[in-house]
Structure formats: C-alpha cells, structure tokens
Amino acid sequence: MTIKLKRKITNDLIREKQQSEQEWLCCTNTFTLLSDIYKHVNNFHSSDMDKRVQIELTSAMEMEEKMKNLSMLKQRRGLKGSSDPISIQCNCSSEDYKVILFYRYAPVDDPIKIALDHQVYCQAMTGKVKIAKEGINATLAGTNADIDTYLNWLTQTQLFQELDHLKEHIPLLLTDKQSPRYKFFKPSHGCIHVFSELSIKVVDEICPLGQSAVVLDELSKTNHRQGKLSPEDFHRELCKRKDEGALLLDTRNYYESKIGHFEGAIKPAIRKFSQFPDYIERNKEVLQGKKILTYCTGGIRCEKATAYMRQALPENTEIYMLDGGIHNYMEWWNDKKETDPVWQGKNYVFDARQSLGFNHPESNTVVGQCQTCGSPWDKYTKCASAGCHLLVLECDRCVDPSSIVYCCTECKETEGKALCLCEKQRRKEEHEPLRA
C-alpha cells in the first residue's frame, strides 16, 4: 500500500508543478521532459513526499477507525427477536439513583464523537441514547453522582451552547422542581435496573418520523416555538376545548394510550411513530381548519408531529403541543394538590417500570382493561411469541403471572410467523376514518 501511495503522491506533486503539456517548473528550474522532473522530485523532494505519505496513512487510519465506530454505533440493540424487559426486581435505594428523560434538537457536527464521548461519561449507567446530526434523544438511569457528572459535561457541549441556564453545576435533585435542569431533564425515581443495558446509537433521526421535509429549520421557526404550551396553558385549553370545538390528538403509539390519556383524546391506532404522517394524510379533511392540541410522553414526538402538520394542513389550522409532554403536565398537577385531573391513567414509559402515575394516589385512575374479562388493569405483560412481543393487558385473575402469555390464539399457534389477530384488528382500527 505504501509503494502505491508514494507513487500516487509523486504523480500528484508533479501535476502541481506542471505549467503546460510539456513544461514543469520546480525549484526555479524548468523541465521539458517528464523523466527529468521525476528524477528531480525523487532526488530533492523525497522528505516532502514521505511527509505526505504519512499524512495520507494517518488520514486513512482515522477514516477506518471512524467507519468501525460508526458500524458499532449503528448496530441493533440485542439479538433479533429479543425485546426490552417490562418488569423490575431489585433492592436498590431509590434515594441513591434517578432516571432522566430529555431531548434536544440542535445541530451536531460530529455525531460519532459525541456518541463515543457518551460511552465514557455513561459507562456506569444504563439506558438508551440516540444521536444524530439533528440532536439527541436520551433516557438514562444512574447514581445521583454519575447523573450530575454527565450533565455537567453534556451542558458544555455543542448541543447546549445556547442554553446557558442549564450550565450551572448544581446537583439535579428530585425535590428541586423549580430548577431549570429539573424541568429540562425530567428526573424521576428509578435505579439502573430499569434498563437491561446501555445503548448508544448514531441514527438518522432521533425520533424517526420518516419525513425529510421536517428538518431543524422547521423546528426553530417562530410559529413552531409559539405553538408550545406550558402545562398550565395546555390545561386551560383543555378545559375550554369542547366549547371551541378543538381536537385533542395523542401522537403516541396505541399501546401507550391504552393505559393513560387525556379525557376525550383522539388516539390513533398506530404501532410506531413513522405511521403518524399517513394517519394525518388520510384524515386531512376532518383536521384542516381546526384547532388541534397534541401531546406525547416528553415532547419529542410532538415537535415533529406538529411541524409536519403545519406543512400538511392549511394555514388556518391552529396547531399546538404540550411542552415537556405528559411528564411535565403530571409534575405540574402534582403541585396543584387537586384530585380531579383531566389526565386519566398512567404515563407509559419505555423501561421496566412500564408507567408513572401521580404522586397522590387519589388522583390516579385505571383506564386500561384486561382483554379477557374487561376488568380495570394497567400492568402489561408480553406476548411470548418471538415474532410478536406485543404488550398484553391480562389481569392476574385471568392469567397466572408466572405462566406464558400470548396475545391471541393465532400468535400461539403460529409463533409469530403470520400476522396475528391482534395486529389485524389494530390495522383495521388504524385505517378507520376520523369523524368530525
């Protein structure tokens, strides 16, 4: 490789010296024969060429290492057919740990470097981190000290260069609800066992909508920023929406809304976020010209969902999102100390805790139902079929907690090798037209 590379660099150097088809100028000497300029370069510029060879070799090695890291950072989590745990058993002290949930849409020049840095700062933690040129999406669990060290580093990076209010090195306490870091990083109770591993990935989108037109520029426009409502303002809109004819739209997946939602919300039967644009396209006529209030777990999906709807629907459509998502709404409601929230049920979370409720037990309701007997139930189990892993609501009276559960008889018989009855029903509901 070095011989070929040196030959290439020699040829490149001679091309740099060429003045015309049969003339080369080097070291104030003019050469009219190609053989003469070759001899000159080899005799008087060998050290220069050796430096160029070394630079090229170093660059090639760095590129190889970068591609190796990129391949590693794009690998799927776990084995094919596996899925994340949805239950937890440990004896960790809740006072020593916390879970954070946050996202940030901001330009990232070198996602691979940020991802590799995360491997250093998060090595003692568990969770999921997605990094792309458009920003970061993360949920992490760790000790209080590890979380604070990580946040002190992260807030000094390019991702947070415009958010000075988050850079002060103050411990993130679960009791300090008014601090800027608390509101942004959304801490909650939980230890490192809520995740089975640490996954850090470089991706194309931190929240995959699959719409290339929804880019960072769209998310920074004035009308997009003005469309974000605080929990208090969102609650105020909810209380008057029936009089105004406003629509309330859940942008999450259907299994999330089964155990918790805002009263009267439209809950699309989508299984993944990338199906949301098709749902909007199919129901354009009902949605256009309306006031639409949207919500999701922590806000990241609504960012792209509302940006997409502003492109897909006429300008006279008013589109808003709950800033900070259900998580921040429930935090706000906890401080109100009232017992009749507009939110019903639990907030589904993507870890072994499954869901989070209000701090006050009297505010919590169970809206989920056992799919066998119909009794109130909001604790999920998973279909045992390797090709399915559908989340199933089956109460302890209908299914022994230690037994193997399948979502339907077809899934049990085919082991997920065919489209099961549950998925057929979901697809049917997904394509049912929205009524005005």
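**Notes on a predicted model: pocket, cores and selected residues**

1. Strand S4 (97–105), helix H6 (180–185), helix H7 (216–219), helix H9 (231–244) and helix H14 (325–336) each give at least two residues to the lining of the second largest pocket. The model is predicted. The space in the second largest pocket is about 1,200 Å³.

2. The lining of the second largest pocket has 37 residues, and those nearest its centre are Tyr103, Phe184, Lys228, Glu303 and Asp323. Sorted by class, the lining of this pocket holds 15 nonpolar, 13 charged and 9 polar residues.

3. Next, the nonpolar cores. The largest one contains 32 residues, and the residues with the most contacts inside it are Tyr105, Leu249, Phe276, Ile280, Leu287, Met309 and Leu313. Two or more residues of this core come from each of S4, strand S9 (247–250), helix H11 (276–282), helix H12 (284–287), helix H13 (300–312) and strand S12 (318–322). H13 provides the largest share of this core, with 7 residues.

4. What does Phe276 touch, leaving out residues up to four places away in sequence? The list is Leu209, Leu249, Thr251, Ile270, Ala305 and Met309. Of these, Leu249 and Met309 are also among the residues with the most contacts inside the largest core, as is Phe276 itself.

5. Arg301 is part of helix H13. Is Arg301 buried or exposed? Its relative accessibility is 7%, so Arg301 counts as buried; the cut-off for buried is under 20%. The side chain of Arg301 makes a polar contact with the side chain of Thr297, at 3.0 Å. Not counting residues up to four places away in sequence, Arg301 touches Cys207, Thr251, Arg252, Asn253, Glu256, Phe273, Cys296 and Phe350. Thr251 is also in the list of residues that Phe276 touches.

6. Two residues deserve a look for their backbone angles. Most residues other than glycine have a negative phi. Cys27, which is not a glycine, has a positive phi of about 55 degrees. Cys27 sits in the loop between strand S2 (23–26) and strand S3 (29–31). With a relative accessibility of 41%, Cys27 counts as partly exposed.

7. The other is Gln354, with a positive phi near 75 degrees, and Gln354 is not a glycine either. Its place is in the loop between strand S14 (347–348) and strand S15 (355–356). Gln354 counts as buried because its relative accessibility is 5%.

8. The loop between helix H5 (144–154) and H6 contains Thr157. Thr157 has a relative accessibility of 12%, and therefore counts as buried. Where does the side chain of Thr157 reach? The side chain of Thr157 comes to 2.6 Å from the backbone oxygen of Leu154.

9. Leu174 is partly exposed, at a relative accessible area of 22%. Setting aside residues up to four places away in sequence, Leu174 touches Tyr182, Pro187, Ser188 and His189. Leu174 and Asp400 are 226 residues apart along the chain, and 36 Å separates their C-alpha atoms.

10. Ser199, in strand S7 (residues 198–202), is buried at a relative accessible area of 7%. Ser199 and Leu73 are 126 residues apart along the chain, with 8.7 Å between their C-alpha atoms.

11. Gln54 is in helix H3 (residues 46–73) and is partly exposed, with a relative accessible area of 46%. From Gln54 to Ile9 the separation is 45 residues in sequence and 11 Å in space, C-alpha to C-alpha.

12. Arg236 is in helix H9, one of the helices that supply at least two residues to the lining of the second largest pocket. Arg236 counts as partly exposed, with a relative accessibility of 44%. How far apart are the C-alpha atoms of Arg236 and Leu57? They are separated by 63 Å, and the two residues are 179 residues apart along the chain.

How values were computed
Residues are numbered from 1 along each chain as its sequence is written. This is a predicted model: local features need pLDDT of at least 70, side-chain atom pairs count only at pLDDT 80 or more; totals for chains, interfaces and linings use all residues. Side-chain values use heavy atoms; hydrogens and water are left out. On a 1 Å grid over the protein atoms alone, a cavity is a set of points where a 1.4 Å probe fits but cannot get out, and a pocket is an open set with protein on both sides within 12 Å along at least five of seven lines; lining residues have an atom within 4 Å of a point. Grid points are joined across faces, edges and corners, and a volume is the space filled by probe spheres set on the points. Helices (H or I, at least four residues) and strands (E, at least two) are DSSP runs, numbered from the N terminus. Ala, Val, Leu, Ile, Met, Phe, Trp, Tyr, Cys and Pro count as nonpolar, Asp, Glu, Lys and Arg as charged, and the others, Gly among them, as polar. A nonpolar core is a set of buried Ala, Val, Leu, Ile, Met, Phe, Trp, Tyr and Cys residues joined through side-chain atoms within 4.5 Å. Buried means under 20% relative accessible area, exposed over 50%, partly exposed in between (1.4 Å probe, protein chains only). Contact means heavy atoms within 4.5 Å. A polar contact is a pair of N or O atoms within 3.5 Å; within protein, one must be able to donate a hydrogen and the other to accept it, and residues adjacent in sequence count only if both atoms are side-chain atoms.
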